[in-house]
Amino acid sequence: MEIQSNFSLKNYNTFGIEAKAKQFVAIHSVDELKTILEKYKNEKKFILGGGSNMLLTKDIDALVIHIDLKGKKIIKEDEDSVWVESQAGETWHDFVLYTIENNFGGLENMSLIPGNVGTTPVQNIGAYGTEIKDTFVSCEAININSQEIKTFINAECNFGYRESIFKNEVKDQYIITSVIYKLTKRNHKINTSYGDITAELTKNNITTPTLKEVSNAVIAIRQSKLPDPKELGNSGSFFKNPILLKSDFEKIHQKFPEMKYYEISATEVKVPAGWLIEQAGFKGKRFGDAGVHKNQALVLVNYGNATGQEILAVSRDVQKTVFETFGIHIEAEVNVI
């Protein structure tokens, strides 16, 4: 393990923000992680995964521990299901492709989401009608202070919309080292309920799609709307879709009858944040090297040399204008550091 000082994090965050780490170390095993946590027990630490869900607005005055644990394996299986374990440092999309290649169903709708496996339970990531909580069995995590390993099962994780125990009750207390998912081997529950997927499949004359065909449709949709972080710095969706009480939504809807929405329960409605931002006039707008993507207003982008502070300023301007226009607060999904 090599500990480096004054280390550039530009290639370790998908926004491509230039920020320095006071110290930096990449971890390739749980034993290495335990050693580092013990050795630097009384010093400030910052845990870094794939760098896909954060906006760096300053240098990190701490030891940055990059979780680079690799490996995946089948834990057990029966006729219908398979339990697959992945180490936290595996790239999420590569892991999804691995499951599809083996005809394991459940993750195909979440193809091409940036980031690593270890952060998927933290955010309860989701796309096109599926979320991690649907297939998540458990994860192993190491206590940062005691170095004890704890297993968190699904019911303990308090999953919600882009929420989990790791963002709330035990925030900054644990590092996830591996995750187990339960996937289908047959009788796959193909979910094409979202209109974009249906349209993409119809365009390709597919009526009974395979896992691979659903994944390909999702990839095509995401590539048409979302920029590749390797080409244009971004962190995917910057904002959450706001969830409103129906009673509150109905008052707003009377003023804006064209507003799009989805009923998610008897009492709640989800409004697409991208639609709100676009209607507020931000889609495609650029402020120096920071801006809002031309194809998807949910995505903030770095055109080259934007600072984290400049992108943060754009996000706050978007939030302020959306609230002043619609009376709806949109919350950042990305962690601002």
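Are K320 and E324 buried or exposed? Both K320 and E324 are exposed in this predicted model. The two side chains form a salt bridge, and their closest N and O atoms are 3.0 Å apart. Both residues belong to helix 8, which covers residues 308-326. They sit 4 residues apart, about one turn of the helix.

The overall fold comes next. The protein chain contains 8 helices and 20 strands. Its radius of gyration is 20 Å, close to the 20 Å that the globule rule gives for 337 residues, so the chain is as compact as a globular protein of that length. The C-alpha trace spans about 60 × 55 × 35 Å along its principal axes. Of the 337 residues, 50% are buried. Among contacts with a separation of 6 or more, 61% join residues 24 or more positions apart. The accessible surface of the chain comes to about 16100 Å². Carbon and sulfur atoms account for 46% of that surface.

Charged side chains were then examined. The chain carries 39 positive and 43 negative side chains. The centres of the two sets lie 2 Å apart. In total, 19 salt bridges were counted.

One of these salt bridges joins E77 and K185, with an N to O distance of 2.7 Å. E77 lies in strand 6 (residues 72-77), while K185 lies in the loop between strand 12 (174-184) and helix 4 (195-203), so the pair ties together parts that are 108 residues apart in sequence. E77 is partly exposed, with a relative accessible area of 45%. K185 is also partly exposed, at 25%.

A further salt bridge pairs K225 with D196, at 2.6 Å from N to O. K225 is in helix 5 (residues 211-225) and D196 is in helix 4, so this contact ties together parts that are 29 residues apart in sequence. The relative accessibility of K225 is 27%, and K225 therefore counts as partly exposed. D196 has a value of 34% and is likewise partly exposed.

Salt bridges also form a network. Its members are E131, K133, D134, R162 and E333.

The loop between helix 5 and strand 13 (233-234) holds K230. K230 has a relative accessibility of 81%, over the 50% cut-off, so K230 counts as exposed. How far apart are K230 and I125 in sequence and in space? In sequence, 105 residues separate K230 from I125. In space, their C-alpha atoms are 21 Å apart.

Backbone angles were also considered. Y128 is not a glycine, yet its phi is positive, at about 50°. This residue lies in the loop between strand 8 (126-127) and strand 9 (130-131). The relative accessibility of Y128 is 15%, under the 20% cut-off, so Y128 counts as buried.

Q147 is another residue other than glycine with a positive phi, near 65°. Q147 is found in the loop between strand 10 (136-143) and strand 11 (149-153). Its relative accessibility is 12%, and Q147 therefore counts as buried.

Note on methods. Residues are numbered from 1 along each chain as its sequence is written. This is a predicted model: local features need pLDDT of at least 70, side-chain atom pairs count only at pLDDT 80 or more; totals for chains, interfaces and linings use all residues. Side-chain values use heavy atoms; hydrogens and water are left out. Helices (H or I, at least four residues) and strands (E, at least two) are DSSP runs, numbered from the N terminus. The radius of gyration is taken over C-alpha atoms; the globule rule is 2.2 Å times the number of residues to the power 0.38. Buried means under 20% relative accessible area, exposed over 50%, partly exposed in between (1.4 Å probe, protein chains only). Contact means heavy atoms within 4.5 Å. Accessible areas come from the Shrake-Rupley method with a 1.4 Å probe; for residues, only the protein chains shown count as cover. Lys and Arg count as positive and Asp and Glu as negative; His and the chain ends are not counted. The place of a charge is taken as NZ of Lys, CZ of Arg, CG of Asp or CD of Glu. A salt bridge is a side-chain nitrogen of Lys or Arg within 4 Å of a carboxyl oxygen of Asp or Glu.
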